[in-house]
Amino acid sequence: MAYNKDNVFAQILRGEMPSHPIFEDEKTYAFMDIMPASSGHTLVIPKSEAENIFELSPGYVGAVAKTTKLVAAAIKKALRPSGIIITQLNGPDAGQTVFHYHMHIIPVYSEKPMKVHMNKTENKEALELTAIAIKKRLG
């Protein structure tokens with residue numbers, strides 16, 4: 001499969017689609033997942049055209065890992081989950097649905113079961129409030 005420059009994450013990076021940003025630097029962008037598996041579900045993407053880990057350059061792999069760790073720590077402080085799942089999917093058979101490399105940071109709460117990802121779009125105000133709480137905890 002060739003990289004599709006019109007995938008939703010590429011559109012977000014170009015400012016053509018809205019998002020709820022958490023963090024941005026020269027190589028990465030972190031934002032709220034609009035169909036979260038749990039409150040605080042955040043995505044980290046590279047500012048690089050790569051469909052999967054096999055196409056992503058080592059420099060961007062490191063940058064995504066660094067941002068993922070930073071944002072996961074902020075989520076832990078802001079939302080106090082009982083655990084955090086960090087995952088990355090490669091290919092449709094692995095469950096990848098947007099073909100731009102991305103990491104999922106999914107907070108887990110003992111009192112709230114996780115929803116199935118892509119079950120429904122979350123309320124914009126709820127996403128924005130959660131994004132603000134996480135951004136306040138970034139180092």
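In which loop does Ser38 lie? Ser38 is found in the loop between β2 and β3, where helices (H or I, at least four residues) and strands (E, at least two) are DSSP runs numbered from the N terminus. The model is a predicted one, in which local features need pLDDT of at least 70 and side-chain atom pairs count only at pLDDT 80 or more, whereas totals for chains, interfaces and linings use all residues. Residues are numbered from 1 along each chain as its sequence is written, and side-chain values use heavy atoms, with hydrogens and water left out.

Ser38 is buried, with a relative accessible area of 7%; buried means under 20% relative accessible area, exposed over 50%, and partly exposed in between (1.4 Å probe, protein chains only). A polar atom of the Ser38 side chain lies 2.4 Å from the backbone oxygen of Pro107.

The structure holds 4 salt bridges, a salt bridge being a side-chain nitrogen of Lys or Arg within 4 Å of a carboxyl oxygen of Asp or Glu. One of them joins the side chains of Lys5 and Glu49, at 3.4 Å from N to O. Lys5 belongs to the segment before α1 (8–13) and Glu49 to the loop between β3 (42–46) and α2 (58–79), so this pair ties together parts that are 44 residues apart in sequence. Lys5 is partly exposed, with a relative accessible area of 48%, and Glu49 is partly exposed at 49%.

Further salt bridges link Asp6, Arg14 and Glu16 in a network. Asp6 pairs with Arg14, their closest N and O atoms being 3.3 Å apart, and the side chains of Arg14 and Glu16 meet at 3.0 Å, N to O. Arg14 is partly exposed at 41%, and Glu16 is partly exposed at 49%.

The largest pocket has a volume of about 480 Å³. On a 1 Å grid over the protein atoms alone, a pocket is an open set of points where a 1.4 Å probe fits, with protein on both sides within 12 Å along at least five of seven lines, and lining residues have an atom within 4 Å of a point. Grid points are joined across faces, edges and corners, and the volume is the space filled by probe spheres set on the points. Of the 26 residues lining this pocket, Val8, Phe9, Asp33, Ile34 and Met35 are the closest to its centre. At least two lining residues come from each of α1, β2 (28–32) and α3 (124–136), and α1 gives the largest share, 3 residues. The lining comprises 14 nonpolar, 9 polar and 3 charged residues. In this classification, Ala, Val, Leu, Ile, Met, Phe, Trp, Tyr, Cys and Pro count as nonpolar, Asp, Glu, Lys and Arg as charged, and the others, Gly among them, as polar.

Arg80 is located in the loop between α2 and β4 (83–87) and is exposed, with a relative accessible area of 68%. Not counting residues up to four places away in sequence, Arg80 touches Ile75 and Tyr109, contact meaning heavy atoms within 4.5 Å. The C-alpha atoms of Arg80 and Ile134 are separated by 11 Å, and these residues are 54 residues apart along the chain.

Definitions and conventions: Polar contact = N/O pair within 3.5 Å; in protein donor to acceptor, adjacent residues only side chain to side chain.
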